[in-house]
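I opened this notebook to record what I looked up in one structure. The entries follow the order in which I consulted it.

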Amino acid sequence: STAGSIDDRDSNSRWPLFAAMDSQTTKQRRGDFSPHGGIRGGGILLTDTEIRKSKPKDKAYRLPDGKGLFLFITKTGGKLWRFKYRHNTKQKLMALGQYPDVPLVLARERHAAARALLATGVDPMQVRKTEKVARKATSENSFRTIAGLWLEHWRVGKSGQHVDSTRRRIEANVFPLLGARPITEIEAPELVTMVKSIEGRGVGDLAKRALETTGQIFRFGIAHGYTKRNPAAEIKPSDILRPTKKTNLARVDVKELPALLRSIEVYQGTHTTRLAMKLLALTFVRTTELIGARWEEFDLEARRWNIPESRMKMRTPHIAPLSTQAIEVLELLRSLARSEELLFPGDRNPDKPMSNNTILLALKRMGYQGRMTGHGFRGLASTILHEQGYAHEHIELQLAHAQIGRASCRERV
């Protein structure tokens with residue numbers, strides 16, 4: 001029942017079933033008999049009622065509809081549309097679907113389309129094969145497929161959490177518009193549409209990252225021969241996205257820092273919170289990196305804090321050098337330790353870190369509401385270090401702004 005070709009010279013020996021069916025069909029065309037036992041006049045087409053009432057017999061048989069189209073009834077009751085035709089002296093059999101999934105009307109439409117191709121000298125089965133190959137090539141070269149290959153290449157050395165979040169971001173924001181498109185056919189306007197649709201949800205930063213990730217996928221595709229150009233390189237986020245006003249988190253002036261440090265020393269809250277603020281001022285890590293600190297990350301002999309990539313915003317390991325004052329804070333924290341793993345366990349559940357808002361609330365109690373935040377210590381450190389003449393790239397590295405792999409920095413104590 002599969003589509004194939006039949007050579008007239010030996011069709012009876014190679015295809016006995018077709019030979020038997022041909023004999024029956026010849027009788028039907030002459031009007032000798034109907035498969036239901038009655039006389040069938042020449043030129044009478046099939047009806048849907050006749051098809052529905054047709055039953056399987058001991059042998060497979062055909063119900064012709066004219067011009068090579070017939071319904072093939074199998075011994076098990078299957079009803080398969082077939083088109084028998086000749087092309088370049090060869091007789092061929094083309095599958096057109098199964099009844100009732102393909103009703104009589106649709107079978108005739110497919111038959112007419114195939115005959116139209118034959119009339120122009122084109123083999124309809126070859127056209128179908130070519131289209132199938134093209135569809136397969138399109139699927140294998142779709143943006144979704146290439147993005148999957150890129151992700152497998154890119155994920156090496158990344159944390160599982162980072163990989164999963166990147167995958168979800170692509171699936172939610174990029175694939176709906178570009179996933180099924182052949183990567184070779186995607187143009188810059190399509191990327192603009194994608195980026196603006198994301199921005200329209202009020203997440204401009206996510207839109208910018210989606211464009212950057214898309215560009216990485218195109219570059220991967222170029223490197224491996226899947227495409228020849230990167231439309232993402234032809235546009236910049238500023239060409240598409242509305243400018244946003246950059247706001248710095250509140251921080252006191254450098255001149256006010258001594259007074260702030262004295263206030264921290266006499267803070268009336270818990271010792272753990274007070275020591276957390278001191279360590280934050282001495283290391284200027286991010287607040288989330290501080291409150292999630294674990295004792296296993298500290299090497300007091302080497303005077304360094306090794307923060308793993310899984311806890312870093314930039315997803316690269318970070319080394320924070322420990323000054324003498326920072327070592328003293330850590331030793332005091334160890335003497336007060338309520339957890340064997342966390343430096344700053346929560347008040348209610350010591351197995352979880354303290355809340356993100358703990359330091360912010362402490363600063364509020366000290367009279368710094370709206371004037372200082374935990375992140376403000378980073379801004380102060382940057383200002384002071386630049387004023388003291390340290391190299392900008394070293395400051396950026398110590399603030400973990402730069403993705404420079406497993407780079408370390410020289411301890412300045």
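**Entry 1: the sheet.** I began with Asp299, whose bridge partner in β7 is Arg304. The model is a predicted one: local features require pLDDT of at least 70 and side-chain atom pairs pLDDT 80 or more, whereas totals for chains, interfaces and linings use all residues. Residues are numbered from 1 along each chain as its sequence is written, and side-chain values use heavy atoms, with hydrogens and water left out. I noted that β6 and β7 pair in the antiparallel sense over 2 bridges; strands pair if DSSP finds at least two bridges between them. Helices (H or I, at least four residues) and strands (E, at least two) are DSSP runs, numbered from the N terminus. The open sheet has 3 strands in the order β6-β7-β8, with antiparallel pairing. Its edge strands, β6 (298-299) and β8 (318-321), each pair on one side only.

**Entry 2: the cores.** I then looked up the largest nonpolar core and found 38 residues, with Leu260, Leu290, Trp305 and Leu343 having the most contacts inside it. Such a core is a set of buried Ala, Val, Leu, Ile, Met, Phe, Trp, Tyr and Cys residues joined through side-chain atoms within 4.5 Å; buried means under 20% relative accessible area (1.4 Å probe, protein chains only). Among the elements supplying at least two residues each are α12 (257-265), β7 (304-307) and α17 (376-387). A second, separate core of 29 residues includes Ala147, Phe175, Ile186 and Leu211.

**Entry 3: helix α12.** I listed the buried residues of α12 as Leu257, Leu260 and Ile264. Seen down the helix axis, they fall within an arc of 60° (taken from the directions from the axis to the C-beta atoms), so they line one face of α12. These buried residues pack against α13, α16 and α17.

**Entry 4: aromatic rings.** I counted 6 aromatic pairs, the rule being ring centres within 6.5 Å for Phe, Tyr and Trp (its six-membered ring), with planes under 30 degrees apart stacked, over 60 edge-to-face and the rest tilted. Phe143 and Phe218 have ring centres 5.6 Å apart and planes at 50°, so the pair is tilted. Phe143 lies in α6 (residues 143-154) and Phe218 in α10 (residues 204-223), so the pair ties together parts 75 residues apart in sequence. I found Phe143 buried, at a relative accessible area of 0%. Phe143, Phe175 and Phe218 form one aromatic cluster.

Notes
Buried < 20%, exposed > 50% of the residue type's maximum accessible area, 1.4 Å probe, protein only. Contact = heavy atoms within 4.5 Å.
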